[in-house]
Amino acid sequence: MDKKKILILPGDGIGPEAIDEVKKIIDFLNKKKTINIEIEEELVGGACIDKFKVPVKDETIKKAKKKDAILLGAVGGPKWDNLPFDERPEQGLLRLRSDLKLFANLRPAISFDSLIHASSLKSEIIKGLDILIVRELTGGVYFGEPRGIEDLGNGKRRGLNTQVYSTDEIIRVAKVAFELAKKRKKILTSVEKSNVMESGKLWREEVKKLGKSEYSDIDLNHMYADNCAMQLIRDPKQFDIILTDNLFGDILSDAAAMLTGSLGMLPSASLSGVKNGSYLSGLYEPVHGSAPDIAGKNIANPIATILSFSMMLFYSFDNHKLSQIIDNSVKTVLNKGFRTEDIMDKKSQKVGTKQMGDLIIEEITKNI
Ligand code: NAD
């Protein structure tokens, strides 16, 4: 069995607690010889600032580049909130994303039948929902120059950001989305504002050209971002994969995620491209933050982090079978009525972080 080397960055708050549950799963699967994963661990975020005065060490970035994949918990917390912007824990994460060129962010929104009532939408609208948002992560208005706040004199100021995309930036993320579409329902919706933005017009033209030349088997549609926001709430099941830029992706993926109800359930992957159908280096992390309000109490939901590990198995290690077993084990535990506090309802049995991890391992055992 191929040995895979991964870097684990537990981070702050509930990050380490949730990561502990994944480490238990990896340890269990290694012992069963179902996988052969070697773990190395490093500090990131506030924990790294406390010890080394930086949110991530250069050495950690170098290490990360050499690994087969990276799993991150979460970073941040009130302790570091007063630091200058460029010294804060979040910078560690941003640096990892940009140094590893993780330009494609994948966020699935999957509805679990047993949690259907946690959604604010009607059950029939979200039952069976399984969509994937592919968001461009390292370009667009969050990085475009010029940017800043200018002093106009007379006590007035002007804030400026630049939305900019090049052909290469559009094509590389579009390729990831098209390749994913091949493995799913072969439907792709590309989202921009080509009616009012030049960068959106270019986005649409380049995606259309790529679709025609290399992916004619994929059913490609185009939609304006405002309409997409509306359609996500009206009829989300019309989508399979949504491809979009950094800004629209930020907003649409949060909206799509909340269709399913709980932050503690949402995994994500950030990838640096695709070559011959295989995905290049990836960072996997839950969508939620470090939840300082519940840290250290053994009540955090570890499922988003566990599902992030499952995405790692799927995308970085091509181990679809094991990824499916983990996803199904999570579903079974929920179907049996076990819940952490964040997804609790009157009929269910409340469990802590550690017990949720144990229950999921128990189900995995039955299926490997
Ligand atoms: P958050 O996601 O940490 O928490 C929002 C709410 O959801 C809180 O009430 C929290 O208790 C709850 N929650 C989140 N994850 C949960 C889980 N797994 N189980 C149970 N409940 C959960 O967002 P926030 O409060 O806005 O931010 C807290 C800190 O996290 C800030 O410092 C922020 O900058 C940071 N943050 C980090 C990341 C990241 O590391 N990727 C993402 C978002 C926020």
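## Basis of the model

The structure is a predicted model, in which local features need pLDDT of at least 70 and side-chain atom pairs count only at pLDDT 80 or more, while totals for chains, interfaces and linings use all residues. Residues are numbered from 1 along each chain as its sequence is written, and side-chain values use heavy atoms, with hydrogens and water left out.

## Helix α1

Helix α1 covers residues 15–31; helices here are DSSP runs (H or I, at least four residues), strands are runs of E with at least two, and both are numbered from the N terminus. At 1.5 Å a residue its 17 residues should span 24 Å, and because the end C-alpha atoms are 24 Å apart, the model agrees with that expectation, which is 1.5 Å times one less than the number of residues. After α1 comes K33, whose phi is positive, near 60 degrees.

## Where α1 meets α10

Two packed helices are described by the angle between their axes and the distance between the axes. The axes of α1 and α10 come within 8 Å and cross at roughly 45 degrees, where axes are lines fitted to C-alpha atoms over the stretch in contact and angles run from 0 to 180 degrees between N-to-C directions. The two helices are therefore oblique; angles under 35 degrees count as roughly parallel, over 145 as roughly antiparallel, 65 to 115 as roughly perpendicular and the rest as oblique.

In this contact (heavy atoms within 4.5 Å), A18, I19, E21, V22, I25, I26 and L29 of α1 meet T305, I306 and F309 of α10.

## Helices α8 and α9

The axes of α8 (residues 225–234) and α9 (residues 246–259) come within 10 Å and cross at roughly 5 degrees, so these helices are roughly parallel to each other. On the α8 side A225, C228, A229, L232 and I233 take part, and they meet F248, L252, A256 and L259 in α9.

## Glu206 in α7

E206 belongs to helix α7 (residues 198–214), and because its relative accessibility is 8%, E206 counts as buried. Leaving aside residues up to four places away in sequence, E206 touches T167, I170 and I171.

Key. Buried means under 20% relative accessible area, exposed over 50%, partly exposed in between (1.4 Å probe, protein chains only).
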